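Me: I have a model open and want to go through its packing. Can you walk me through it?

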Amino acid sequence: MVEVTFRGHNEHLPIIVCIPGMLGMPENFERMAQSWSAKFASVFVDLHPQNRESGLRDSTHSLSTVSYDNTSQEIRDWLVNRFPGRRFWFLGVSIGGKLVLDFAARYPELYEGGVITDVGLGAFEKSDLFRFIDEVIPALNLEQDWTGIKADLRAKIPVNAVRVLIQTQVEYSAAEKRGEWKKAVKGLKKFLGMQRIADQWSLLPHIQKPTTVLKAEFLSGIAPEDFERMRTLDLFRFEIVTGSAHLLHVTHPEWIERAVGALVTPLSGVETHSVRV
């Protein structure tokens, strides 16, 4: 089960529900939420509360416990019990964005709109990010000291934004003078196989309100053909995050803050900003 908590100070403000990525945590949103606190009251979702005590945020067990069949319903049940009669805005990071799309389709009467980062309706396995993890990452040599690892990364990954992203997924042991991939990387394909979310295009007829999609410039989690298809639809408003790779909340949180802050005005609650590409 997921854990949902209210982190706002004013329940009369519009409410934004923040869903982290595959192995993210509510703390990913704390600093960003300060930037929109005058416009939104925040609700944070923890996809892995059972691992909070042990800190096993990178365990394979964590991957298997997120159910895309049940998670939207769990979030919905908490929201309607805590805030009856309300509609909600959403922010979904990476795989959390897939959950936002699922919620928007299942409960359109509750979904006001939102922001998702670098995921789309299509199969994640067709994206540049997935192919990179599948083909390039196994060729990187982590059995060396940190200087050697960084040199190997520079040689095989010329784009700085992509290299920074991949470097965040390496755990380095100074004692052993070697690196190791975090479980998020090693378990990605297994995780996606456990969930049945590869293609969400069947959700499209059920989504009623628009969503802003922040797309990475490099190593995107949105397949090119899905991007071209989605950008023609009024339901999706794209912003290309210059110089970015997939983990936008790590490298470009200011883009997320700006997109969320532009969703509504404190007085009118109407949409005020979008960038179409």
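**Side chains and packing**

Reply: The side chains of glutamate 112 and arginine 87 are joined by a polar contact of 2.7 Å (a pair of N or O atoms within 3.5 Å; within protein, one must be able to donate a hydrogen and the other to accept it, and residues adjacent in sequence count only if both atoms are side-chain atoms). This is a predicted model, in which local features need pLDDT of at least 70, side-chain atom pairs count only at pLDDT 80 or more, and totals for chains, interfaces and linings use all residues. Residues are numbered from 1 along each chain as its sequence is written, and side-chain values use heavy atoms, with hydrogens and water left out.

Me: Where is glutamate 112 found, and what is it in contact with?

Reply: Glutamate 112 is in strand S5 (strands are DSSP runs of E, at least two residues; helices are runs of H or I, at least four; both are numbered from the N terminus). Leaving aside neighbours within four places in sequence, its contacts (heavy atoms within 4.5 Å) are Arg87, Phe88, Trp89 and Lys209.

Me: Switching topic: how many residues has the largest nonpolar core?

Reply: It has 38, and Val17, Ile19, Ile75, Phe90 and Phe236 have the most contacts inside it. Such a core is a set of buried (under 20% relative accessible area, 1.4 Å probe, protein chains only) Ala, Val, Leu, Ile, Met, Phe, Trp, Tyr and Cys residues joined through side-chain atoms within 4.5 Å.

Me: Which helix gives the most to this core?

Reply: H4, with six residues.

Me: What lies apart from it?

Reply: Another core, of 22 residues, including Trp255 and Val260.

Methods:
Buried < 20%, exposed > 50% of the residue type's maximum accessible area, 1.4 Å probe, protein only.
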